[in-house]
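This report describes selected features of a predicted model. It takes up a helix pair and then a strand with its neighbours.

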Amino acid sequence: MAVTAEDVRKGDAGAPMVRVRNVVKEFLAPEGGLFRAVDDVSFDIAPGEFVALTGQSGCGKTTLLRMLLGLVPASSGLLEASGRAVKGCDHKRAMVFQQAELLPWRSALANVELGLETKGVPRDERRRIARQCLALVGLAGAELRRPDQLSGGMRQRVGLARALAVDPDLLLMDEPFGALDAHTREGLQDELIHLHEEMKKTVVFVTHDLDEAVLLADRVLIMSPAGRMAEMIDIPIPRRRSDPERIRATPQFAELRYHIWQTMKRLESETRRPVGATA
Amino acid sequence: MSIVAFFKRRRWLLAILSFVLLMVIWEIGGRGGNPLLTSHPSAVYAALVKQVQSGALLNAFVQSLQPLALGYGFAVVVGIPLGLLLGRYWAAEAGFGFYFVGLDATPLVAFLPVFILWFGLHLTVKVVIVFLFSLTPIVINTWIGVKGVPRTLVEVGQAFVGSESFIMRQIVLPYALPSIIAGLRLGIGRAIIAMAVAELFTALSGLGGLLLKRSEDYDTAGMFVPAFVFMAMGIIATGVLVWFERRIAPWHKATTAGNE
């Protein structure tokens, strides 16, 4: 079943939005020697695809996401996005951070304008786009509130609007709903599904939450604790996924979730490959 | 309960009450004493009126203000950029940080004789002393403030393709602002002390000079007048800075536990 869907995608898609080949990221370990956070990872992401990236804590998924953004360079391997090698950050990719990371002295509107400022968009145009994006995430009317005057869920919405404002090809999301309460999280998940289906942006979404991964994604990538890409599982739940509560209640959803859980369980024992140099 | 709420909304009233109480106690306690050894508020007030009428106080104040404003002004203009550099660039911190930590603990008074040889007895030496006294708290607080900027917030700037100068202006500087203002507050107190020290040890002038002259004449009440002016200057300058901080960094008060 999974294979078929994969084949279909490969068949009809043109150039992939993201191409990752044999990417390795090594860090200097505190105790000396090298620590391999991401180990020989390869995958493609099709334009418009929603990919969830999951795995145990410390498996390298956030590192992989930061490499895709261009915030940190890969130690070796090839990273391409929008048809070009990733070299540093640019406005074609935007990140939604784990804790929103808004500038506390800026209003919601001014926070959303951040990327437009560095892009050189004139002031009035900036305002207009930022207002639009805030409305898109359901925050019309909250433009002038500062982050300390917003709830956690609203702050995440501003973070999402800030990323959407630069109109990126690729939206990178690092456990954006992880710190929210269940109710707020479900609300934001529903809206993200809706936004994704409307805007057709390519999304890479890091999460620990298997329900979230299955509900949102077209494909779930599972990294092993050793930093390798262990498995890619297609989620053939049809779009539009307009009724998340119903989807959560289907046997198909439970089946997929269980399959991912099993895979992760099996991977638990896998440990990192030792790297050459030692102290 | 309601009395707490009453005062919580009128905090300045507590300051006035405590001040009036202190004055009353001092008046009662000081009245009977020898005017050479002690004084009391009404005598100080009489001395104040005398010094204002003779023009001595205003004259001294204007004389003091010049080195204070120049020295402190230079310290602000030099200190904030220095602190930003030390906080943002590890090499600057490693290479130059210790000078400022050392300077901060240096009893600069000991260098006064050398300073007088270098800079003379008049305005220049006073400006230098005020500058050096008030520089280190400004540098060090700015530096600490910049070190406190969360790395993730700097990464937000990088992720949205901000240049180094954009990140400095739009993220690092605003985040460090409350700490910078704390440095400016500490600096102004130091600057006022430095001004007095300079006036006492170089050419006798200004409020410090007035204070010493009154005290050498055993005019105890008269001596208190410039002393109170020093205090008032510190309080007013701090008040201005606090007001300034509330205007430009209201988010800080809303997100920290202090003050409330």
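## Helix packing in chain B

In chain B, helix 7 (residues 123–147) packs on helix 9 (residues 164–201) at an angle of about 155 degrees, and their axes are 7 Å apart. Because angles over 145 degrees count as roughly antiparallel, helix 7 of chain B is roughly antiparallel to helix 9 of chain B.

The crossing of helix 7 and helix 9 of chain B is right-handed. In the contact between helix 7 of chain B and helix 9 of chain B, 21 residues are nonpolar, seven are polar and two are charged.

## Burial of strand 3 in chain A

Strand 3 of chain A spans residues 50–54 and is mostly covered, with five of its five residues buried. In a regular strand, side chains alternate between the two faces of the sheet.

In strand 3 of chain A, one direction is taken by A:F50, A:A52 and A:T54, and the other by A:V51 and A:L53. The residues pointing either way are all buried.

## Strand pairing in chain A

Strand 3 of chain A is joined to strand 8 of chain A (residues 202–206) by four bridges, and the two run parallel. Within this pairing, A:L53 has A:V206 of strand 8 as its bridge partner.

Strand 3 of chain A also pairs with strand 9 of chain A (residues 219–223), in the parallel sense and over four bridges. Here the bridge partner of A:A52 is A:V220 in strand 9. A:A52 and A:L53 point opposite ways from strand 3 of chain A, and both are buried.

Technical notes. Residues are numbered from 1 along each chain as its sequence is written. Chains are lettered from A and ligands numbered from 1 in the order in which they are written. This is a predicted model: local features need pLDDT of at least 70, side-chain atom pairs count only at pLDDT 80 or more; totals for chains, interfaces and linings use all residues. A residue is buried if 20 or more other C-beta atoms lie within 10 Å of its own, exposed if 12 or fewer, and partly exposed in between; C-beta atoms are placed from the backbone. Two strands pair if DSSP finds at least two bridges between them. Axes are lines fitted to C-alpha atoms, for helices over the stretch in contact, and angles run from 0 to 180 degrees between N-to-C directions. Angles under 35 degrees count as roughly parallel, over 145 as roughly antiparallel, 65 to 115 as roughly perpendicular and the rest as oblique. A crossing is left-handed if the near helix is turned anticlockwise from the far one by less than a right angle, and right-handed if clockwise. Ala, Val, Leu, Ile, Met, Phe, Trp, Tyr, Cys and Pro count as nonpolar, Asp, Glu, Lys and Arg as charged, and the others, Gly among them, as polar.
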